[in-house]
Amino acid sequence: MPKFVLAIDQGTTSTRSIIYDEQGARVGIGQREHRQIFPEQGWVEHDPNEIWDNTRLVIATAIADADVDPSTIRAIGITNQRETTVVWDKRTGEPVYNAIVWQDTRTAGAAGALGLDQAAWLERTGLLINSYPAGPKIAWILDHVDGARERAEHGELAFGTIDAWLLFKLTGQHRTDVTNASRTLLMNLDTLEWDPELCEKLRVPASMLPEICSSVDDFGTVTHHGLLEGIPVTAVLGDQQAAMFGQGCFSPGQAKCTYGTGLFLLLNTGSQKVTSANGMLSTVCYRIRGEKPVYALEGSVAVGGALIQWLRDNLGIIRIAPEVERLAQTVPDNGGVTIVPAFSGLFAPRWVPDARGIITGLTRFATKAHLARAALEATAMQVREVTDAMVADSGVELEVLRVDGGMVANELLMQLQADVLGVDVLRPVDIETTASGVAYAAGLGAGLWETLEVVASHAEAAKTWAPAMDAAKVASLVAQWNEAVARSL
Ligand code: ADP
């Protein structure tokens with residue numbers, strides 16, 4: 001009898017369910033978008049009940065699409081938008097407020113106002129004190145919803161990131177995994193437990209918090225979904241960590257970059273937690289029950305594909321994103337032109353919020369093709385800066401970069417990336433690595449696949465780009481980039 005694994009991928013804009021067979025191949029999918037709620041400037045909310053309704057719906061759609069008997073589904077994995085915060089009543093299961101989404105900036109000043117020492121918190125939690133982590137979002141709900149703090153102190157309310165919310169709806173359990181817990185500012189990154197002192201500082205009662213499990217673990221069996229009744233949930237991973245799993249980045253030195261609107265990098269640093277001196281976050285990459293945790297450094301770049309959108313929408317030099325590759329290919333090099341897309345300042349690893357974008361090296365010779373090439377080089381260079389910082393922080397040598405996201409269709413960019421990094425760039429067959437990653441983890445948990453090696457074999461690369469540019473040319477590109485960056489400050 002064939003066996004299948006079902007992934008629930010709850011993202012910022014939509015919820016998807018994808019079913020995989022024993023070979024790790026996708027056999028069915030369901031997807032549905034949910035409302036983005038903007039009550040005030042800078043605030044972003046989701047309706048947790050809508051997300052739960054959509055989850056039920058996309059599960060049914062995926063099962064119908066795959067045309068499988070639900071009883072052949074052996075395990076469920078949940079991956080989710082990270083940091084998004086739900087608080088609900090333990091008895092009724094009703095949320096007391098909308099989910100506050102990771103992008104929401106209402107807590108930007110809150111942690112700072114508590115007089116927290118950034119360096120100490122970075123060491124203890126791996127996170128920077130800004131508006132992303134869940135902890136201050138919980139405190140905001142307790143302080144702004146009538147009676148919520150009192151109910152929380154009486155043990156009546158529960159907190160969860162979206163994984164825990166869906167798990168509660170599916171199984172009745174109140175659990176989360178260690179990767180999601182590592183995005184709250186409430187978990188100690190060494191003990192992997194809720195830290196009473198941090199909870200007290202952020203004014204979050206311990207009784208609200210879910211039990212922290214490993215990422216591959218026993219999360220309970222489904223009791224609240226007819227089709228999936230009795231099926232175990234065996235894996236939970238935050239979305240970026242699930243992508244690491246989907247990319248098979250299981251050993252130190254393996255990194256992945258997701259090239260979307262922004263660029264999101266994670267480097268596996270092994271069983272050692274590394275505290276960054278270069279503005280990177282430390283996070284749990286994954287943990288398999290009974291084994292040591294695996295840590296990662298994380299860094300993101302604000303402007304990735306957004307620069308291509310800018311060439312298209314603001315300059316009008318391309319009509320659609322893929323044209324940037326054809327245009328850039330019409331010239332052998334950048335003709336001296338460099339673009340530094342510091343549209344909203346420079347982020348990791350430079351952290352200069354008031355830097356602004358510039359184009360340098362313009363002469364009468366420069367054409368839109370040079371601009372297109374400079375845009376792709378800017379993307380590759382920003383990734384190089386982040387990986388350089390991660391290597392400097394961790395002492396872990398970069399071995400390979402595995403890639404996913406919309407921009408990886410651009411093969412010239414992939415070649416440039418391999419050239420400026422000096423390591424192979426690998427693009428997998430299935431670039432939906434978030435869903436496949438949590439499905440692999442769930443299959444591992446259910447014994448469908450016995451080892452990480454078998455799992456990694458599912459994540460095989462469809463195409464590899466090896467470094468081909470000579471060292472002197474790379475050095476001159478880097479020097480040209482650094483000179484331009486210095487002028488953007
Ligand atoms: P997100 O998940 O952030 O919406 P996607 O992973 O869907 O992003 O990727 C879309 C981004 O990739 C857009 O910014 C778009 O400009 C860029 N993009 C898409 N195709 C190409 C291409 N062939 N070359 C360069 N950039 C591209």
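The legends below describe close-up views of a predicted model.

**View 1. The open sheet built from β3, β2, β1, β5 and β13.** In this predicted model, 5 strands form an open sheet in the order β3-β2-β1-β5-β13, and their pairing is mixed. At the edges stand β3 (26-33) and β13 (233-238), each of which pairs on one side only. From one strand to the next, the twist averages 15 degrees. Within this sheet, strand β1 (residues 4-10) and strand β2 (residues 14-20) run antiparallel and are joined by 6 bridges, and Leu6 has Ile19 in β2 as its bridge partner.

**View 2. Helices α1 and α9 lying across strands of the sheet.** Helix α1 (residues 48-66) lies across β1, β2, β3 and β5, and runs at about 150 degrees to β3. Helix α9 (residues 239-246) lies across β5 and β13, where the angle to β13 is about 110 degrees.

**View 3. The packing of helix α10 with helix α12.** Two packed helices are described by the angle between their axes and the distance between the axes. For helix α10 (residues 305-315) and helix α12 (residues 368-394), the angle is about 150 degrees and the axes are 9 Å apart. Because angles over 145 degrees count as roughly antiparallel, α10 is roughly antiparallel to α12. On the α10 side of the contact are Leu307, Ile308, Leu311 and Leu315, which meet Leu371, Ala372, Ala375, Leu376 and Ala378 in α12. The residues of this contact divide into 9 nonpolar, no polar and no charged.

**View 4. The salt bridge between Glu83 and Arg183.** The side chains of Glu83 and Arg183 meet in a salt bridge with an N to O distance of 3.1 Å. Glu83 lies in the loop between β5 (73-80) and β6 (85-89), while Arg183 lies in the loop between α7 (178-181) and β10 (187-188), so the pair ties together parts that are 100 residues apart in sequence. Are these two residues buried or exposed? Glu83, at 8% relative accessibility, counts as buried, and Arg183 is also buried, with a relative accessible area of 2%.

View 5. Glu385 counts as buried at 15% relative accessibility, whereas Arg350 is partly exposed, with a relative accessible area of 31%. Elsewhere, salt bridges that share partners join Arg82, Glu83, Arg183, Asp239 and Glu298 into one network. The count for the model comes to 32 salt bridges.

**View 6. Strand β21 and its pairing with β20.** Strand β20 (residues 400-404) and β21 run parallel and are joined by 3 bridges, with Arg402 standing opposite Leu426 in β21. In strand β21 (residues 424-428), 4 of the 5 residues are buried, so the strand is largely enclosed by the rest of the structure.

Conventions. Residues are numbered from 1 along each chain as its sequence is written. This is a predicted model: local features need pLDDT of at least 70, side-chain atom pairs count only at pLDDT 80 or more; totals for chains, interfaces and linings use all residues. Side-chain values use heavy atoms; hydrogens and water are left out. Axes are lines fitted to C-alpha atoms, for helices over the stretch in contact, and angles run from 0 to 180 degrees between N-to-C directions. Helices (H or I, at least four residues) and strands (E, at least two) are DSSP runs, numbered from the N terminus. Angles under 35 degrees count as roughly parallel, over 145 as roughly antiparallel, 65 to 115 as roughly perpendicular and the rest as oblique. Contact means heavy atoms within 4.5 Å. Ala, Val, Leu, Ile, Met, Phe, Trp, Tyr, Cys and Pro count as nonpolar, Asp, Glu, Lys and Arg as charged, and the others, Gly among them, as polar. A salt bridge is a side-chain nitrogen of Lys or Arg within 4 Å of a carboxyl oxygen of Asp or Glu. Buried means under 20% relative accessible area, exposed over 50%, partly exposed in between (1.4 Å probe, protein chains only). Two strands pair if DSSP finds at least two bridges between them.
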